[in-house]
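Subject: Structure handover

Hi,

Here is the structure I promised to pass on. Have a look at it first, and my notes on what turned up follow below.

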Amino acid sequence: MSLIDEIRRLKKERNAIILAHNYQRPEIQDVADYVGDSIELSRKAMDEKDAETIVFAAVDFMAESAAILNPDKRVLLPTLGARCPMAQMLTIDEIKRAKTAHPQAPLVLYVNTLASAKAYCDICCTSANAVEVIESLDAETVLFGPDRNLAEFVQRKTGKTIIPIPEWGFCPTHLLFQPEDVQILKIQYPDAVVMVHPECSTETQKAADFIGSTSQMCRYARETQAKTLIVGTEEGLLHRLRKDNPTKTFVLAYEGAICPNMKSNTLDRLYKSLKEEKNLITVPEPVAKQARKALERMLELKK
Ligand code: SF4
């Protein structure tokens, strides 16, 4: 029996579902029940009422969020070392300092944070709904962490004052995209449109025709008349884009944009975590209780 058949067999036996982020390896996306961005997968995890186990092929903070929102399910992360460096950039001390300095400002945290940080925030957001979340708040000044580029994007879109915490939080993978790479590709593919993720630098965003989350990019790619798209996000998304749009051409804006943390999940590790039910992700209930409020407030914003 092949590894894929064995995973499918075990999945049934364990009453499990496999959720895979858009940045996962192609073979993991292909074996998953659902592929999507963090908000789509959070909703899927909650919709799957009968499943007892969720194998979350992504990184630490996403599996933590699934565990917080589904306390009655087992959440497994195929690789325990799949940790997002951006999430590590925001410390509790930093949050406390910012809150003391700006006591009236609500704190919005990107879901790319650890549960211990989420426990301090008023509401979470993803890159897909950050603008909507900030606009829903009755405040002109907002504390926002940890991604500086997303904070600047939201400030431009909403006109509100967004104070980034920490001052320079960033995604190392998205920071690899340079506006010069995009300019060169535009000469090579003159009819192409450029879409990039808001975690890219502001300069790279300015070189794009469209800025959006991975799910928004998938929609844009479907709807645009353009036949060639230059893509500024982690290379895993290209697998889904090519599958969904077989007649279009997708070019990664920088070939080296590979997140080693997302890619540390392999089919073999996924199989082992499911078989041995290992790498169980848990969040202590006092922390989970606070973080859950911030996640649920976000999820209630738009069904
Ligand atoms: S792509 Fe960036 S934000 Fe996403 S897991 Fe990797 S390092 Fe973290």
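**Overall picture**

The chain's secondary structure comes to 15 helices and twelve strands, where helices (H or I, at least four residues) and strands (E, at least two) are DSSP runs numbered from the N terminus. Please keep in mind that this is a predicted model: local features need pLDDT of at least 70, side-chain atom pairs count only at pLDDT 80 or more, and totals for chains, interfaces and linings use all residues. Residues are numbered from 1 along each chain as its sequence is written.

The C-alpha trace spans about 50 × 50 × 30 Å along its principal axes. With 303 residues, a compact globule would have a radius of gyration near 19 Å, and the chain agrees, at 19 Å (taken over C-alpha atoms; the globule rule is 2.2 Å times the number of residues to the power 0.38). Of the 303 residues, 50% count as buried; a residue is buried if 20 or more other C-beta atoms lie within 10 Å of its own, exposed if 12 or fewer, and partly exposed in between, with C-beta atoms placed from the backbone. Among contacts between residues at least 6 apart in sequence, 65% join residues at least 24 apart (a contact means C-beta atoms, placed from the backbone, within 7 Å).

**Two helix pairs**

The axes of α1 (residues 3–13) and α14 (residues 267–276) come within 10 Å and cross at roughly 30 degrees. That makes α1 roughly parallel to α14. Axes here are lines fitted to C-alpha atoms, for helices over the stretch in contact, and angles run from 0 to 180 degrees between N-to-C directions; under 35 degrees counts as roughly parallel, over 145 as roughly antiparallel, 65 to 115 as roughly perpendicular and the rest as oblique. In this contact, Leu3, Glu6, Ile7, Leu10 and Lys11 of α1 meet Leu267, Leu270, Tyr271, Leu274 and Lys275 of α14.

Helices α12 (residues 214–223) and α13 (residues 237–244) pack with their axes 10 Å apart, at an angle of about 30 degrees. So α12 is roughly parallel to α13. From α12, Thr214, Met217, Cys218, Ala221 and Arg222 meet Leu237, Arg240, Leu241 and Asp244 of α13.

**Around α9**

In α9 (residues 148–158), the residues Arg148, Asn149, Leu150, Ala151, Phe153 and Val154 are buried. Their cover includes β5 (107–110), α8 (130–135), β7 (141–145), β8 (161–164), α11 (202–206) and β10 (210–211). Just after α9, Gly159 takes a positive phi of about 75 degrees.

Phe170, in the loop between β8 and α10 (179–188), touches Met86, Asp147, Arg148, Asn149 and Leu175, not counting residues up to four places away in sequence. Phe170 counts as partly exposed because it has 19 C-beta neighbours inside 10 Å.

**Backbone points to check**

Most residues other than glycine have a negative phi, and most peptide bonds are trans. These spots depart from that pattern:

- Gly145 and Pro146 are joined by a cis peptide bond, with omega about -5 degrees; Pro146 is in the loop between β7 and α9.
- Asn15 has a positive phi, near 50 degrees, and lies in the loop between α1 and β1 (16–21).
- Asn279 has a positive phi of about 65 degrees; with 21 C-beta neighbours inside 10 Å, Asn279 counts as buried.

Best wishes

How values were computed: Contact = placed C-beta atoms within 7 Å.
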